[in-house]
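Biologist: I am new to this structure. Could you walk me through it, one question at a time?

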Amino acid sequence: MNTILLIEDNDDIRENTAEILELANYKVLTAENGKIGVELALEEKPDLIICDIMMPVLDGYGVLHLLQKHEEVQDTPFIFLTAKSERGDFRKGMEMGADDYITKPFSGTDLLNAVEGRLKKAALKKQVLPADMEGLQQLLLTATGTNPLKKLMEEGNTDRYKKKQLIYQEGNRPTCLYYIQKGKIKTYKVNNDGKELAANLYSEGEFLGYVALLEGSNYQENAEALEACELTAIPREDFETLINNNREVAQQFIRLLAKNITEKEQQLLHLAYSSLRKKVAEALLFLKKKYHHVTDQPFSIDISRENLATIAGTATESMIRTLGDFRDEKLLEIKQGVITILNEQKLANLVN
């Protein structure tokens, strides 16, 4: 049960508001002036504070100012309850750190909607969501009860791509955000000698191309289908509207960017310092982690030696030779081009 502190000097308003909140199954603490309210807040540490502005002893601005000096309550959602509706009062309160306003007179529905909305956002801040698409979907559902990205995906156009077909090219201007309905995608860069270096791998349920959209830049890599794929294209304008109007979604995409940077840093370290056998083992285990969804079956993947070499950061000839060594050592099996990992632990031992 969430605890709400109500600071209001008018007895009738205080009692009626507290009754509405209690009927909605909240625990309510009440204070008749700002000084008592601050003392209660520091002692009880409520989940949300509703505070009148015009009060004797200490007004609502003073309450907010004092609470923000205490770390244990400075992030507590704070809603001003006021009969004053001048624009200057709203601006002053928001600049001080208030989260919302309820203007008197108000209905019970207005009150409960404001309280529920602020408590929901406060709960989001406390959650440590994974920096991936699952975390983003969970965040949207928790924040809004809906999934606006899902709506955009349903309204977008779905295109099919053949194996090895280019989805977008380095230097092009992005026009949409891609959602992978089916298949596997690789992104890669090409150096001056024509050698490919894998940038990332994507699979169904993930978004593709959001880095350039968020940066407002051109694509910094190429994207190619590793197998037959189905992608939904979400128009750039719709994605930007969602990002600009939903701070939580923007923050989650920023987490995805940070995760990508960390992964690329680790990839560069492996390329610089790992032996050939370690690079190949890491590439195989990376593919397993990325694409192995049926955990009770050995992991198998049909991938060209050129693509696998790109992921490992080695020459194709070296990749073929090392795969042959791993096959002879019974670490994996190769049949008709399909690689099946037989001994994951021994591969892991090569990496560690």
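Modeller: First, a term. A salt bridge is a side-chain nitrogen of Lys or Arg within 4 Å of a carboxyl oxygen of Asp or Glu. This is a predicted model, in which local features need pLDDT of at least 70, side-chain atom pairs count only at pLDDT 80 or more, and totals for chains, interfaces and linings use all residues. Residues are numbered from 1 along each chain as its sequence is written, and side-chain values use heavy atoms, with hydrogens and water left out.

Biologist: How many salt bridges does a search of the whole structure find?

Modeller: The search covers the whole structure. One of the pairs is glutamate 344 with lysine 288. The count is 15 salt bridges.

Biologist: How many residues apart in sequence are the parts that glutamate 344 and lysine 288 tie together?

Modeller: Their side chains meet in a salt bridge, at 3.3 Å from N to O. Glutamate 344 lies in helix α14 (residues 344-351) and lysine 288 in helix α11 (residues 276-291), so the pair ties together parts that are 56 residues apart in sequence. Helices here are DSSP runs of H or I with at least four residues, strands are runs of E with at least two, and both are numbered from the N terminus. The value is 56 residues.

Biologist: Is lysine 288 buried or exposed?

Modeller: Buried means under 20% relative accessible area, exposed over 50%, and partly exposed in between, with a 1.4 Å probe and protein chains only. Glutamate 344 has 37%, so this residue is partly exposed. Lysine 288 has a relative accessible area of 18%, so the term for lysine 288 is buried.

Biologist: Why are arginine 236 and glutamate 240 separated by about one helical turn?

Modeller: The two form a salt bridge, with the closest N and O atoms 2.9 Å apart. Arginine 236 is buried at 13%, while glutamate 240 is partly exposed at 29%. Both sit in helix α9 (residues 236-245), and they are about one turn apart because their spacing is 4 residues.

Biologist: Which strand holds the lysine that meets glutamate 196?

Modeller: Glutamate 196 and lysine 186 meet in a salt bridge of 3.0 Å, N to O. The pair links distant parts of the chain, 10 residues apart. Glutamate 196 is in strand β10 (residues 196-203), and lysine 186 is in strand β9 (residues 184-190).

Biologist: Which residues are linked with Asp52 in a network of salt bridges?

Modeller: Aspartate 52 is found in strand β3 (residues 48-52). With 3% relative accessibility, aspartate 52 counts as buried. Contact means heavy atoms within 4.5 Å, and beyond four places in sequence aspartate 52 touches Ile7, Glu8, Asp9, Gly60, Leu81, Thr82 and Lys104. The network links Asp52 with Glu8 and Lys104.

Biologist: At roughly what angle do the axes of α2 and α3 cross?

Modeller: Axes are lines fitted to C-alpha atoms, for helices over the stretch in contact, and angles run from 0 to 180 degrees between N-to-C directions. Gly34, Val38, Ala41 and Leu42 in α2 meet Val63, Leu66 and Leu67 in α3. The axes of helix α2 (residues 34-44) and helix α3 (residues 60-67) come within 9 Å and cross at roughly 25°.

Biologist: Which residues is threonine 322 in contact with?

Modeller: Threonine 322 lies in helix α13 (residues 316-328). The residue is buried, at 2% relative accessible area. Leaving aside neighbours within four places in sequence, threonine 322 contacts Leu276, Arg277 and Val280.
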